[in-house]
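Work through the exercises below with the model open. Try each task before reading its solution.

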Amino acid sequence: MKRNISDLLDSYPVEGLDLGITTPYSSSRIKELTMNKVSMNKPRKHIRPLRFLAVAAIISTLTVSALAVGHVLGAGALLQNFFAEKNGSLSDGQIQVIDQMGKTFENGVTSNGTTITPIAALADENVYYLRLQIKAPEDVILPDYDSKTDGCYQLFGPGEALELTFEDGAYSDSGYILKCDWLPDENPQDNLKEVVIWIGAQTGTDVRFNDEVSKQLTLHGLWLQTPEKEYTQILSGEFSFDITLYNDTEILSLDTAGLTWSDEEYGYTSTLENLTLSPLSLTFSYSATEPNNNRIVPYVGPLEVVLKDGSTVAISETAGMEGMEYYVFAAPLDLSQVDYVKYGNHQISLEAN
């Protein structure tokens with residue numbers, strides 16, 4: 001949907017955790033996430049495995065704040081299931097990438113008895129992921145819906161006043177693309193729902209999602225949208241969050257000098273002008289000669305990322321305009337495991353950056 005605008009426990013001892021504030025997670029969910037984190041990180045000399053087990057036992061029986069959970073688990077543990085659901089389990093290197101580039105949040109916003117809590121976020125210059133938990137009043141059930149027959153949840157309603165808004169400070173005239181992925185529900189008969197909001201930049205604008213420019217997300221409730229695009233409001237309120245995320249993302253600029261690809265069918269040649277690679281996305285710009293069919297828009301040519309284990313990530317659907325585009329990977333890449341980028345018959349080395 002297009003909208004116009006806008007390591008771990010050694011640093012947080014057990015005795016320092018705030019155990020007195022309600023968590024957005026059930027005790028079983030906290031235990032599951034913590035134990036996942038334990039199993040994903042093989043013990044190293046400076047990690048004391050018994051402490052992991054002790055904290056897992058503590059937070060499986062007590063309620064803790066979202067801040068404490070975020071400190072214990074980190075962004076990698078809180079977002080890995082979202083990426084792994086469609087792409088298989090993540091490697092330790094991928095989880096570390098999320099920890100390095102992501103952030104966790106301190107608290108949520110309560111309005112009209114509903115609490116919406118940002119859990120974790122991850123971003124590079126092109127894309128921003130935000131995991132939210134929605135906790136309705138106790139007497140409101142948030143069941144699963146079949147999108148084909150019942151419809152789907154939406155974080156916006158009909159009319160401009162009920163639209164979700166994403167405002168990014170100095171980039172207020174920029175555009176963005178937004179999607180929502182509702183996460184599998186452990187208990188469809190309770191009052192909780194979790195969603196990952198995916199916000200993508202429109203290339204050709206100056207927006208950068210991982211800089212220090214203030215970014216504000218505002219929601220006005222939760223709606224059920226039927227297949228016929230009719231809206232029923234489920235929850236109402238005013239929920240506004242500062243989701244500014246700054247990180248020094250690893251970006252590799254690759255040498256593309258002289259690299260071209262020709263489309264024999266339509267008679268044009270594309271020249272790859274530049275190419276950059278981050279763990280979350282690949283960005284490129286190109287120029288092209290005129291095709292022999294004026295209905296055809298020249299395309300850059302076949303691009304794919306080749307990993308050291310021989311697997312590949314094909315660059316298919318991209319977002320962009322006027323010869324500059326980006327592609328968001330289905331799951332974060334561990335750049336240390338990337339061998340090269342292939343463009344047509346060319347191999348572009350990562351060492352040439």
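This is a predicted model: local features need pLDDT of at least 70, side-chain atom pairs count only at pLDDT 80 or more; totals for chains, interfaces and linings use all residues.

Residues are numbered from 1 along each chain as its sequence is written, and side-chain values use heavy atoms, with hydrogens and water left out.

**Exercise 1. The whole protein**

Task: State how many helices and strands the protein has, and what percentage of its residues is buried.

Solution. 
- Step 1: Count the elements. There are 4 helices and 21 strands. Helices (H or I, at least four residues) and strands (E, at least two) are DSSP runs, numbered from the N terminus.
- Step 2: Take the burial. Of the 353 residues, 50% are buried. Buried means under 20% relative accessible area, exposed over 50%, and partly exposed in between, with a 1.4 Å probe and protein chains only.
- Step 3: Take the surface. The accessible surface is about 17,200 Å², and carbon and sulfur atoms hold 47% of it. Accessible areas come from the Shrake-Rupley method with a 1.4 Å probe; for residues, only the protein chains shown count as cover.

**Exercise 2. Gln225 and its strand**

Task: Decide whether Gln225 is buried or exposed, then find the strands that pair with β10.

Solution. 
- Step 1: Locate the residue. Gln225 lies in strand β10, residues 216-225.
- Step 2: Classify Gln225. Its relative accessibility is 7%, so it counts as buried. In β10, 9 of the 10 residues are buried.
- Step 3: List the neighbours. Leaving out residues up to four places away in sequence, Gln225 touches Asp150, Gly151, Cys152, Gln154, Glu230 and Tyr231. Contact means heavy atoms within 4.5 Å.
- Step 4: Trace the pairing. Two strands pair if DSSP finds at least two bridges between them. β10 pairs antiparallel with β6 (152-154) over 3 bridges, with β7 (165-167) over 3 bridges, and with β11 (231-242) over 9 bridges.
- Step 5: Cys152 has Gln225 as its bridge partner. Thr165 faces Thr218, and Leu222 partners Leu235.
- Step 6: Inspect the turn. The β10-β11 hairpin has 5 residues between its strands, and Lys229 in the turn has a positive phi of about 70°.

**Exercise 3. Around β14**

Task: Find which strands form hairpins with β14.

Solution. 
- Step 1: Start with β13 (260-263). It pairs antiparallel with β14 (268-277) over 4 bridges. Thr260 partners Thr271.
- Step 2: Check the connection. β13 and β14 form a hairpin with 4 residues between them, and Gly267 in the turn has a positive phi of about 70°.
- Step 3: Move to β15 (281-288). Here 7 bridges join it to β14, antiparallel. Leu277 stands opposite Leu282.

**Exercise 4. An open sheet**

Task: Say which strands stand at the edges of the open sheet and why one side of each has no neighbour.

Solution. 
- Step 1: Write the order. The 4 strands run β17-β16-β20-β21, with antiparallel pairing.
- Step 2: Find the edges. β17 (312-314) and β21 (346-349) each have a single partner strand, so one side of each is left without a neighbour in the sheet.
- Step 3: Check one pair. β16 (303-307) and β17 pair antiparallel over 3 bridges, and Val305 partners Val313.
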